[in-house]
Amino acid sequence: MTPLARRLRELIACEGPISFERYMALALSDPDHGYYMTRDPLGEAGDFVTAPEISQMFGELLGVWAADLWRRMGAPDPVRLIELGPGRGTLMKDALRAARACPGFLQACDVHLVEISPALAERQRRTLAGAAPAIAWSASIEAVPEGPAIIFANEFFDALPVRHYVRLERGWSERLVGTDETGAFAFGAAGEPEPGIVAEAPLGAVIELGAEARLFAERIARRLQAQGGALLILDYGYERPRFGETLQAVRRHARADILADPGEVDLTAHVDFYALARAAGAAGARVFGPIEQGTFLRRLGIEERAARLKQGASADQIRSIEDALARLVDPNRPDRPGMGELFKVLAVTAPDCPAPAGFEEANA
Ligand code: SAH
């Protein structure tokens with residue numbers, strides 16, 4: 001049994017079944033035993049691989065995107081360049097290197113990484129040792145000083161806990177986690193249905209609510225509305241509201257049991273882009289997209305960048321550049337995993353912010 005499983009069992013023995021949302025929050029970010037708090041889960045040797053780990057092109061394009069947006073915004077100085085949940089720090093490292101080509105931008109940048117995991121913050125410090133400009137770390141975005149901001153969030157929103165409601169005879173009941181006769185974790189449902197949910201759906205249907213993701217989007221949108229700037233969300237998810245759960249547990253690149261070994265497996269849910277866009281819009285921000293990641297990266301010139309990198313590269317390097325390009329922009333196929341279609345990109349900006357690169361054709 002994992003140390004966190006022991007603690008959760010004690011908690012349930014004491015308080016009764018807990019909400020699934022709380023279970024997920026503790027599984028991921030319990031200060032002592034949470035999944036992200038204790039390890040570096042990224043890379044081939046870890047549990048999953050993200051776009052910045054697939055290719056330097058990803059962070060480079062986002063660095064140039066940010067510098068270009070800064071210029072479109074009228075080159076505010078200082079500008080806070082912020083990343084939420086920076087993993088190994090690879091995206092920021094590649095972004096800062098590429099942005100050197102944009103005069104004045106790095107000089108104006110005040111860089112902040114928002115990270116709750118001490119283990120990953122340490123990894124980021126190593127990746128970014130000697131980076132210019134100097135980097136500050138915070139545990140929350142509220143700790144980042146005021147002012148115009150350009151914010152990246154790659155595979156951040158999928159890591160926030162979700163709440164589930166299950167349609168039962170008695171109505172929509174929040175999904176709980178308790179223990180069964182053998183002591184294993186098991187799903188249950190709250191005795192009292194949720195009076196606020198009136199949706200019609202067959203018995204057994206599930207509503208997945210990313211309440212914390214919405215709150216994040218809303219808080220950031222309010223900041224951007226008042227102080228200027230933009231948030232770029234890149235993540236796997238869907239564009240239209242829908243029923244059904246998308247929760248998944250992953251360990252060493254394979255699906256795992258959701259309730260087995262809390263703290264040892266990654267738990268994520270697809271991002272409800274519709275809900276994030278609505279929350280940000282209601283908070284006074286402007287919203288661009290979502291558009292597919294493949295479309296976005298092509299518009300930023302990933303094919304040209306790949307062609308440049310291939311010049312003077314060895315045959316092996318050329319093959320790996322082509323593989324990385326395909327993985328980032330192509331749709332998913334059984335024989336070849338691709339992020340181009342499932343992954344979406346949403347920009348949330350201050351109301352007076354010009355359209356960011358890649359979104360000129362998107363409806364605001
Ligand atoms: N963006 C990185 C890592 C994605 S994994 C990449 O693309 O490679 C999710 C990241 O978000 C991890 O760094 C994790 O520690 C961090 N994280 C999760 N919940 C967080 C929270 N509430 N606040 C800040 N960081 C968080």
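**Figure 1. Glutamine 56 and its surroundings in the predicted model.** Leaving aside neighbours within four places in sequence, glutamine 56 is in contact with Asp94, Arg97, Arg305 and Leu309, where contact means heavy atoms within 4.5 Å. This is a predicted model, in which local features need pLDDT of at least 70 and side-chain atom pairs count only at pLDDT 80 or more, while totals for chains, interfaces and linings use all residues. Residues are numbered from 1 along each chain as its sequence is written, and side-chain values use heavy atoms, with hydrogens and water left out. Glutamine 56 is found in helix 5; helices (H or I, at least four residues) and strands (E, at least two) are DSSP runs, numbered from the N terminus. At 35% relative accessibility, glutamine 56 counts as partly exposed; buried means under 20% relative accessible area, exposed over 50%, and partly exposed in between (1.4 Å probe, protein chains only). The side chain of glutamine 56 makes a polar contact with the side chain of glutamate 60, at 2.6 Å. A polar contact is a pair of N or O atoms within 3.5 Å; within protein, one must be able to donate a hydrogen and the other to accept it, and residues adjacent in sequence count only if both atoms are side-chain atoms. The C-alpha atoms of glutamine 56 and alanine 98 are separated by 9.7 Å, although these residues are 42 apart along the chain.

**Figure 2. Serine 55, in the loop between helix 4 (51-54) and helix 5.** Serine 55 is buried, with a relative accessible area of 9%. Beyond its neighbours within four places in sequence, serine 55 is in contact with Ala324 and Leu328.

**Figure 3. The largest nonpolar core.** A nonpolar core is a set of buried Ala, Val, Leu, Ile, Met, Phe, Trp, Tyr and Cys residues joined through side-chain atoms within 4.5 Å. The largest one has 54 residues, of which Trp65, Leu81, Phe105, Phe152, Leu232, Phe296 and Leu328 touch the most other members. Helix 5 (residues 56-72) supplies the largest share of this core, nine residues. In soluble globular proteins, nonpolar side chains tend to be buried together.

Figure 4. The ligand is surrounded by 16 residues, the closest being Thr50, Gly85, Gly87, Glu115 and Asn154; a residue is near a molecule if one of its heavy atoms lies within 4 Å of it. An N or O atom in the side chain of threonine 50 is 2.5 Å from an oxygen atom of the ligand. Glycine 85 has a backbone N or O atom 2.7 Å from a nitrogen atom of the ligand, and a backbone N or O atom of asparagine 154 also lies 2.7 Å from a nitrogen atom of the ligand.

**Figure 5. Two cis peptide bonds.** Proline 78 is found in the loop between helix 5 and strand 2 (79-84). Another joins alanine 132 and proline 133, with omega about -5°. Proline 133 has its place in the loop between helix 8 (118-127) and strand 4 (135-138).
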